[in-house]
Amino acid sequence: MAERANSNMLFANFNQDFTCISVGTRKGYSITNCDPFGRVYTMNDGARGIVEMLFCTSLIALVGAADHPQSSPRKLQIVNTKRQSMICELLFPSSILAVKLNRKTLVIVLENEIYIYDISNMRLLHVIETTPNPEDNSYLAYPSPVPSPTSAVSTTSPPAASGSQSGDVLIFSTRTLSVANVIQAHKSPISFLSINSTGTLLATASDKGTVIRVWSIPGAEKLYQFRRGTREAKIYSINFNIVSTLLAVSSAHDTVHIFKLGPQKSSGPSQSGVSSPSSPSGSVDSRDVSAQGLDAGYDAFIEKKKNGSVSSSLRRRSLHLTKNITSSVGGYLPNTLTEMWEPSRDFAFLRLPSSGTRCIVALSGTLPQVMVISSDGYFYSYSIDLENGGECTLLKQHSLLDSNDELND
């Protein structure tokens, strides 16, 4: 997380189950327990731009900071804090932008590449060439370098300029090392992606930041659509709670919105009609693309797009379905269907005590609380009414930096 008010904190993030916070500073890094709140580990061994934990284990992934010559942002170090030992050290061709871990996979994100490793032996499994802005879990989700050939918009709009991002998302299986599906998530470029703890749900936001959508993985069905606000805003973080019943979103408007996810319905013909009423052709076509050869990986998908074997038939089909739906709907929609078209508003919200800071939000797995890390070095805990929602109440505030860290250089 980029700092703003406090120039000493270079990074802060929650671990996978939101029980700990890892912090990188100009001097080193630290691990803090959320509840009860308290520092549990500190190491002053040089500037750290990325500090990622593997749940509550002693395994930590470390990356240096870009503006510190003795701490390279191209170098990844995996350390064991309990044994005070270095497990491995890897050097990459360009700066590391993000590191994501689960119990089986380690993902390293560079500007135009994603490296996938087996975390048990650090064996390189796969390299993906892509545009920036990924996120991962059992599946890796990242913005498609080009619009998918199933997009109905592409039949009337000019092709995207070279190097530009689309609003499509590729779902890549880290088990089979192949593209599992394509999601036409937004019309604008993707700005943030988040996968839940079980790897079954994906939340997406575009660079407009007004609407958050939730999709099934790997089926790519649109399950929920939420309205964050009417004004455009940069999204800073999106996180599901552990049981995937709530979704928390923080943005540049100094607010956090919490959305409620209803019970999951079983997949079937009836669900596809309900889950994505606003774009039925998109949800059908994305499943068809998966069935027509994405198992060979993204390169095969691009090759088929180039020679037109997939795109021409799917575009005709998508356009045909769109025309059929438009003619059948006419100027009338039943009330229940109209409500499904309209994005749902937030269930609960909170306002940050300070303005102009970036923040990461998470939901406690043990208490009815919303936790926030701000870029000025503070941890906030809010109570949330899980029955009625509404505005959350600030319970406590702690500094994540000790007194020496908080002093300006």
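These numbered points comment on a predicted model of a single chain.

1. **Confidence.** The chain has a mean pLDDT of 77. Residues at 70 or more make up 70% of it. Residues 132-137 fall below 50, yet this stretch has 32 contacts in the model beyond near neighbours in sequence. Residues 151-163 also stay under 50. For residues 151-163 the model has eight contacts beyond four places in sequence. Where pLDDT is low, the predicted coordinates should not be read in detail. Please treat both stretches with that in mind.

2. **Overall make-up.** The chain holds six helices and 29 strands. It has 409 residues, of which 52% count as buried. Take the contacts in the chain with a separation of 6 or more: 47% of them join residues 24 or more positions apart.

3. **Largest nonpolar core.** This core has 30 residues. Which of them touch the most other members? They are Ile 60, Leu 76, Phe 92, Ile 96, Val 99, Leu 106 and Ile 108. Several strands each supply at least two residues: strand 3 (29-33), strand 5 (50-53), strand 6 (59-63), strand 7 (75-80), strand 9 (98-101), strand 10 (105-109) and strand 11 (113-118). Strand 6 gives the largest share, five residues. In soluble globular proteins, nonpolar side chains tend to be buried together.

4. **Val 99 and its contacts.** Leave out residues up to four places away in sequence. Val 99 then touches Ile 50, Glu 52, Ala 61, Val 63, Leu 76, Leu 106, Val 107 and Ile 108. Leu 76, Leu 106 and Ile 108 are also among the core residues that touch the most other members.

5. **A separate core.** Another core lies apart from the largest one. It has 17 residues, including Ala 248, Ala 348, Leu 363 and Tyr 382.

6. **Leu 101.** This residue sits in strand 9. Buried or exposed? Leu 101 has 8% relative accessibility, so it counts as buried. Ile 116 is 15 residues away along the chain, and the two C-alpha atoms are 9.9 Å apart.

7. **Sheet 1-2-3-4.** Four strands form this open sheet, in the order 1-2-3-4, with antiparallel pairing. Strand 1 (9-14) and strand 4 (38-43) are at the edges. Each has a single partner strand, so one side of each is left without a neighbour in the sheet. The twist from one strand to the next averages 20 degrees. Strand 1 and strand 2 (residues 20-25) run antiparallel and are joined by five bridges. Within that pairing, Asn 13 has Ser 22 in strand 2 as its bridge partner. Strands of a sheet pair through backbone hydrogen bonds, either parallel or antiparallel.

8. **Sheet 25-26-27-29.** This open sheet also has four strands and antiparallel pairing, in the order 25-26-27-29. Its edge strands are strand 25 and strand 29 (393-399), each pairing on one side only. Neighbouring strands are turned by 20 degrees against each other on average, direction ignored. Strand 26 and strand 27 (residues 378-383) pair antiparallel over six bridges. In that pairing, Gln 369 stands opposite Ser 383 of strand 27.

9. Why is strand 25 (residues 359-363) largely enclosed by the rest of the structure? Because five of its five residues are buried. Cys 359, Val 361 and Leu 363 point one way, while Ile 360 and Ala 362 point the other way. In a regular strand the side chains alternate between the two faces of the sheet. Strand 25 forms a hairpin with strand 26, with five residues between them. The two strands pair antiparallel over five bridges, and strand 26 covers residues 369-374. Leu 363 has Val 370 of strand 26 as its bridge partner.

10. **Cysteines.** How many disulfides does the model have? The count comes to zero, with a cut-off of 2.5 Å between cysteine sulfur atoms. Cys 88 has 16% relative accessibility, so it counts as buried. Cys 392 is buried, with a relative accessible area of 7%.

Key: Residues numbered from 1 in each chain as written. Predicted model: local features only at pLDDT ≥ 70, side-chain atom pairs only at ≥ 80, totals over all residues. Heavy atoms only, no water. Core = buried A, V, L, I, M, F, W, Y, C linked by side-chain atoms within 4.5 Å. Buried < 20%, exposed > 50% of the residue type's maximum accessible area, 1.4 Å probe, protein only. Contact = heavy atoms within 4.5 Å. Pairing = 2+ DSSP bridges. pLDDT = per-residue confidence, 0-100. Axes fitted to C-alpha atoms, helices over the stretch in contact; angles between N-to-C directions.
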